[in-house]
Amino acid sequence: LCTISRPGCACRIFQVARMLVFEKLASVARDLVTRASDTAFGASSVRIFISNSSGALFSVAQQPYTSGSTNVSFSTLEPGEVGLLSVQGKGQIGFALEFKIESESVLVGVSNSSLRNAKLVFSFGALGRPAKQFYDNMPAEMMGCDGSRFVSEGEKYAVYVSRVTQSPHIVAHVLIGPKAEIVQFSEPGATREVTSRSCLAPGLLESLPMLEFVESKVEEGNSKDLGKALFLLELSSVLDALDSLLPRDRAFALDLLVAAFISPGSLGLTYKNLKSELQRWHDQQKLSFGEHPAAGALPLPPTASVAAPPTSMPLPQYAKYREREAASKENPAALEGHSDVALLVLKSAALECAMTMRSQLKRFENPGSTFEPFLESSFSFSPKKRASVDSILDTNCAFIADHLASEGEGGPMVAALSLDKESQVVAAAQQCIHDSASFALRRRQVLAKFEESLDSDARVALRHYQQWAPATKHCFSPGPDDAGGVKHESWAPELLGALDDGRLTKPELLLKSLGKGSPKYKVMSTNSKSGEFFFFSADRKFIIKTVSKDEAMLLYRMLPAYQAHIKATPRSFCVRFPGLHRVEIPGLGEHYFTVMASVFDSTHKVHETFDVKGSTLNRKAKEGESCGKDEDWVDRGHRLKLPGPVRREVREVHEQDAEFLAGFGVMDYSLLIGIHRCEPTGDAEGGAEDGAEDCGSGSPARRALGRGGGWREPSGLWAEGGQDLYFVGLIDFLIAFGLKKQAEHVLRSAQGHSADASCVDPKAYAERQVQFVLDSVLSKPELSTGSRTPRCPYGDHCIRQNPQHKEECCHPGQPGWEADEEDQSASGSAGTLRITFIKARDLKNADMAPGDLSDPYATAGLGLQRCSTHTVDNNLDPEWNCVVRLAVDRAHLGQELELSVWDEDHNRSLQGSDDFLGRLGLPVARLVRGGSLLVREKLQGVSKGELHVRIEFIPLAAGNGSPGR
């Protein structure tokens, strides 16, 4: 049509679209170059923690050769002491340094650069070797990594290098000790042998042998040795996981350990080698989090060797570490330094624990466990109800399987494994889950035994540690008599098992539904080529599904914040993950998989399901798909019919969930909605599906709730005044906005769908889904249909005396000025912001075409909410007189209301995104205090322009849950 009506127009469209694509690609390329430059020439560091378990002095022999800023925390390490060797610089850094232990020389050399392979080498030899010469001739080796050496031997002593992270920030843990004991670490079976050295080498010792040693201390009844052994187990599992966490989460995990085991004096240590490190940690806590102790503060331990510090220390609070992270953006090394101090304390305490229990740890023979975890009685149904229940479960499974198959990157998994391979995969997954859940239960029991021996303050600290479980990693491998076993890892089972106080994720539930002896899994799909698998537990409460390594690592990095988010938002819609595992399956290789709690209730048949993303571009179910999408939801006229207070809470919870996910740069997640229709069976009391929970109007749950609708425990939402039961959950939130997704976004932008396509950047995705839930998912209160006089935009500040104006507009003090139904509809948990955009003056002209002026519109943003005015075409002095409303939740009170003005580009495929014309930022706390505010201010971020706006805060009235003055 363009070609016919205007010759050359189609060519012009193609040229502009191509230019837009090139601009988008150039932006992505700039980001990549910036990242590569930061890696190659940005800050880099090397940190080596050295633990001296040798019984001899370990000292610096000569000045280092270095190309960076070197800091050695010691000149001499006494036996039982821990020191830190650190080097910092820009781009490539390197150093070499000679130590001596008795008559032997130990040279260490490190070269760290992203432009070439990093190196880390320890070498024994004769004293006096030049450090520079050693550095120049250093072999291309990274000790402590897979495929390289872990042990370097001298005549009498040896070093073991473990837990090495790669450039640009190398971290290594080094243990020096007698050669006879250190070299055993390289022998087969070393990972299962508990000795006074193996328990000090992060990443070496597996979890089960150490737990069995801890359980032996329970049998002996020695509480001090039990505490020491338990501390070594906890420290080992935390250190194994530390490298994959964010800096704030590393600092939090280490401080939790110090506060739970070291500060209260629970381990009975002499603190001979801890005095300076503990005081540094104490000073670091005061520097980071203030002088004044919080509730539940614990004193540092007074001992004969260490004088008690003058003040108490508060228990670590996760929110404080997030605040510290935000305050340290200009100096990211601050949190690393914080972690280093805590690590020195913990590793020094671990050395003393291991050395004092040396005789008990030496050649500890793992006795094997006779532990039988307690299992709650399985649910059961009478034979006549079994067929009905199986029908309900299979229907719900089909809905979820249909969704997961259609949303998978590779499409449905249709190439089935052979029966032998399938049985092997099921057995491997079952062993992973069983070992992990059993381990978590056994660990919980020994913690309870240890807690019995503590005083009240130490118990508070230990319970805090268990409530805020740090991310951990536990390694398991088959024993010599376990021919059919698999090697596997369980990530953070303590943290995941404690979500919602274990309501959906506790290990007892996993053992009952998925452990050895549980009913046979329902296999939904497997793939012989990729080894992917997808199972349901027999009771349909849990889903087992493979994920990519990147997705697994993303979830693992999210776990500490995920835990904090669910604690702060107990009704969060984020799906609960009871398990995250890595397994090596013979013949199928390495796989990562998650265990996910089902969004649906297994006792209720789901009649309709919808996968809602917030996009209506190509979001319609294909023929044969049972799970509807966004367009299907809108076309069928569905709404979640909820009472006002519940509606407000649902909207608030969903926004907080979306904000949490956007903070980790993920997108493409879905709000899964299942609808169970409670149709009465005809009796007087109402009825239920055969074998399912009675949810009719006369059921106990419905009678207690009335017909008002609301939250259902343990999951679900009752519809208001109806018979529907809703199940809602956020799923598939492990997709990062990486290069593949960015390229897809570029393509959609060139097609003119930069805003409405499913693939957009994480913040835009979250904002769009929040708005879609508000506009299209949640029901709206009934608004009065009577005529209403509009409010005067100037309110109390109006100076017009024209009688006609007085009749046409409502003013403060007149009927109709106070909160109305629209305010009630928009209200959050704290109230409503009613924003009247009056006008703007002297805006800049963003349209370059001759004779064209900007087409301005204004937006108001709070959290992830966005509201806009209409567009005034071709005008630099627009008048909108437009009212928008934003919900104010308690979480918003510390944020800013953002008002911005934009020039609308009507054809985005030709002109790109809208042009920025200025903004204003107003603290919400100021607006809440003031109640009503008339703003006439110069726009920020631009050279010219002024915005006139009236803002009123309408608090939520007490008692009835409605806004009011």
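Me: Is Phe261 buried or exposed?

Reply: This is a predicted model, and burial is read from relative accessibility, with under 20% counting as buried. Phe261 has 0% relative accessibility, so Phe261 is buried. Phe231 is also at 0% and therefore counts as buried.

Me: Which residues have the most contacts inside the largest nonpolar core?

Reply: In soluble globular proteins, nonpolar side chains tend to be buried together. Here the largest nonpolar core has 151 residues, and those with the most contacts inside it are Phe231, Phe261, Ile262, Tyr562 and Phe733. Helix α10, residues 333-356, gives the largest share of this core, with 12 residues.

Me: How many residues of α10 are buried?

Reply: Of the 24 residues in α10, 20 are buried, so the helix is mostly covered. From first C-alpha to last, α10 reaches 35 Å, close to the 34 Å expected at 1.5 Å a residue.

Me: What does Phe231 touch, leaving out residues up to four places away in sequence?

Reply: Phe231 touches Phe261, Ile262, Leu267, Leu346, Ala349, Ala350 and Cys353.

Me: How many aromatic pairs does a search of the whole structure find?

Reply: The search finds 25 aromatic pairs. In one of them, Phe231 and Phe261 are tilted, at 5.7 Å centre to centre with 50° between the planes. That pair links distant parts of the chain, 30 residues apart: Phe231 is in helix α6 and Phe261 in helix α7. Together with Phe450 and Tyr465, Phe231 and Phe261 form one aromatic cluster.

Me: Why is the pair of Tyr669 and Tyr765 edge-to-face?

Reply: The angle between the ring planes decides the label, and over 60 degrees counts as edge-to-face. The planes of Tyr669 and Tyr765 stand at 70°, with ring centres 4.9 Å apart, so the pair is edge-to-face. Tyr669 is in the loop between α19 and β24, while Tyr765 is in helix α22, 96 residues apart. Both tyrosines are buried.

Me: What is the order of the strands in the open sheet of four strands?

Reply: Strands of a sheet pair through backbone hydrogen bonds, either parallel or antiparallel. In this sheet the order is β30-β29-β32-β33, with antiparallel pairing. The edge strands, β30 and β33, each pair on one side only. The twist averages 20° from one strand to the next. Eight bridges join β32 to β33, and Glu896 stands opposite Pro923 in β33.

Me: Which residues is Ile566 in contact with, leaving aside its neighbours within four places in sequence?

Reply: Ile566, in helix α17, is in contact with Leu499, Asp500 and Arg576. The C-alpha atoms of Ile566 and Arg576 are separated by 9.3 Å, and the two residues are 10 apart along the chain. Ile566 counts as buried because its relative accessibility is 4%.

Key:
Residues are numbered from 1 along each chain as its sequence is written. This is a predicted model: local features need pLDDT of at least 70, side-chain atom pairs count only at pLDDT 80 or more; totals for chains, interfaces and linings use all residues. Side-chain values use heavy atoms; hydrogens and water are left out. A nonpolar core is a set of buried Ala, Val, Leu, Ile, Met, Phe, Trp, Tyr and Cys residues joined through side-chain atoms within 4.5 Å. Buried means under 20% relative accessible area, exposed over 50%, partly exposed in between (1.4 Å probe, protein chains only). Helices (H or I, at least four residues) and strands (E, at least two) are DSSP runs, numbered from the N terminus. Contact means heavy atoms within 4.5 Å. Two strands pair if DSSP finds at least two bridges between them. Axes are lines fitted to C-alpha atoms, for helices over the stretch in contact, and angles run from 0 to 180 degrees between N-to-C directions. The expected span of a helix is 1.5 Å times one less than its number of residues. Rings of Phe, Tyr and Trp (its six-membered ring) pair if their centres lie within 6.5 Å; planes under 30 degrees apart count as stacked, over 60 as edge-to-face and the rest as tilted.
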